[in-house]
Protein chains: 2
Amino acid sequence: MTSATTAPPESADRTDVLALLGLVAHLELVAFTRLAADSALAPTTDQRLRLMRFSAGAVARLERIFEHIEELGGRPDAELERYARVLEDFDARTTPGSWWERMLNAYVGYGVADDFCKAAAAGLDPRTRELVMDVLDGASHADLTVATLSEAAARDDVLASRLALWGRRLVGEALGVVQTLLVSQPALARLALDGGDAGADRTAPTGTAPTGSTPADTAELTARLFGRLTAEHTRRMGRLGLTA
Amino acid sequence: MTSATTAPPESADRTDVLALLGLVAHLELVAFTRLAADSALAPTTDQRLRLMRFSAGAVARLERIFEHIEELGGRPDAELERYARVLEDFDARTTPGSWWERMLNAYVGYGVADDFCKAAAAGLDPRTRELVMDVLDGASHADLTVATLSEAAARDDVLASRLALWGRRLVGEALGVVQTLLVSQPALARLALDGGDAGADRTAPTGTAPTGSTPADTAELTARLFGRLTAEHTRRMGRLGLTA
């Protein structure tokens, strides 16, 4: 039995912490690339500049994560490379048909990804947890999406129903990425399933965490994690005035 | 006669200064977009991160130009919009066939654009001139290009001759963009032809500047500007070990 499988959720293994930081870094790198491409396609100069600033903001957040990876004795590029192009695969499978759909892609995709990272961060040491939460909350371009899409959807019923349909497609693909990550990165599964449990039910006695858990426990915890991610998605679509 | 046509080169009209700052801002915006796209296509994580940082650097330089436009009482978005997509047209006409050609596009295109802006900045007030020079010199990713392309060209004669040919195509297109700018933006023509003259021949008596000049003078000054731009291009290709 390795130290990773015996560590309680409150003192996550350093390797697991690095794996999560790598995922957050990868998310910021993909966000940088995507927001820069969005900026180039934006219909007005004002939107182009706003998206450009969001893109540069992702770089600043990435650097903070890199600094912390180095403080923990990790190598930023190695942690980043674990995820290769896993989130770009999501993009490749969800080619948007319009500017509106493109905005929804980032809103839904990053929404699920951020919630997953937050669930996984719940069991980390306070300093790392605060950094991850702060970095994820700093990706505030969701506000621009909410303002733009909710207004457009309110004006146009056909657009609204198309976007609602597109949102269901996107969340399905996003949850598929989460499933892939849980299988391919055991470190993330340990953190997200522990963290998800801790977040959902703080009254559970310490020691019933899924470290060394049975397949039935894991299935139960995975279902609970997916339930939380879906609930958050429903709430997010509600902010747009769309049904999930 | 407007104040713009009577102002001597040493005290360029505020409107002309704003036009040049708008061009520098547009160059940085296009650099941000292009470097972000390059980053997404980079063959290694290390190169991807370096290009990402160059891209974020372009945003930081753009913000400095915006601040100065506002100090001079201008509106950044309005100055930016003068140039609409003039430099993206250059990109559209010069689709590279390989990663090497893509690197050369930026090296040659921005090289000519930077030299043009420096020529136009020569007659500005010292503070604005220093800002423009500093911003343009900050775009130092040329060093990465020189290291990568000169090494690749030295190893492979066929690649070297292809890149030399591509460089000639690129500089032709780039000089075409300069010609378009001189015609469509009289403010830039006033600055670049005055500045080009001042830079080339400091002994010319004040007052012989091309403000209110004859068509023959303008043709002479334009030829001189293009001569300087071409000479700088030849020097740049030499750094790659390629003939211009």
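## Helix packing and chain pairing

Helix H2 (residues 14–41) and helix H7 (residues 126–138) of chain B pack at an angle of about 15°, their axes lying 11 Å apart. Because of that angle, H2(B) is roughly parallel to H7(B) (angles under 35 degrees count as such). This is a predicted model, in which local features need pLDDT of at least 70, side-chain atom pairs count only at pLDDT 80 or more, and totals for chains, interfaces and linings use all residues. Residues are numbered from 1 along each chain as its sequence is written, chains are lettered from A in the order in which they are written, and side-chain values use heavy atoms, without hydrogens and water.

**The helix pair in chain B**
- The contact (heavy atoms within 4.5 Å) involves Val17(B), Leu21(B), Val24(B) and Glu28(B) of H2(B), and Thr128(B), Val132(B), Val135(B) and Leu136(B) of H7(B).

**How the two chains are related**
- Chain B is superposed on chain A by a rotation of 180° with 0.0 Å of shift along its axis (RMSD 0.0 Å), using C-alpha atoms of residues with pLDDT of at least 70 in both.
- The two copies are therefore related as by a two-fold rotation axis.
- In chain B, the C-alpha of Ala56(B) is nearest the axis, at 2.6 Å.

**Glu63(A)**
- Glu63(A) lies in helix H3 (residues 45–71) of chain A.
- Glu63(A) is partly exposed because its relative accessibility is 24% (between 20% and 50%, with a 1.4 Å probe and protein chains only).
- The side chains of Glu63(A) and Arg53(B) make a polar contact (2.6 Å), that is, a pair of N or O atoms within 3.5 Å, one able to donate a hydrogen and the other to accept it.

Conventions
Helix = DSSP H or I, 4+ residues; strand = E, 2+ residues; numbered from the N terminus. Axes fitted to C-alpha atoms, helices over the stretch in contact; angles between N-to-C directions. Parallel < 35°, antiparallel > 145°, perpendicular 65-115°, else oblique.
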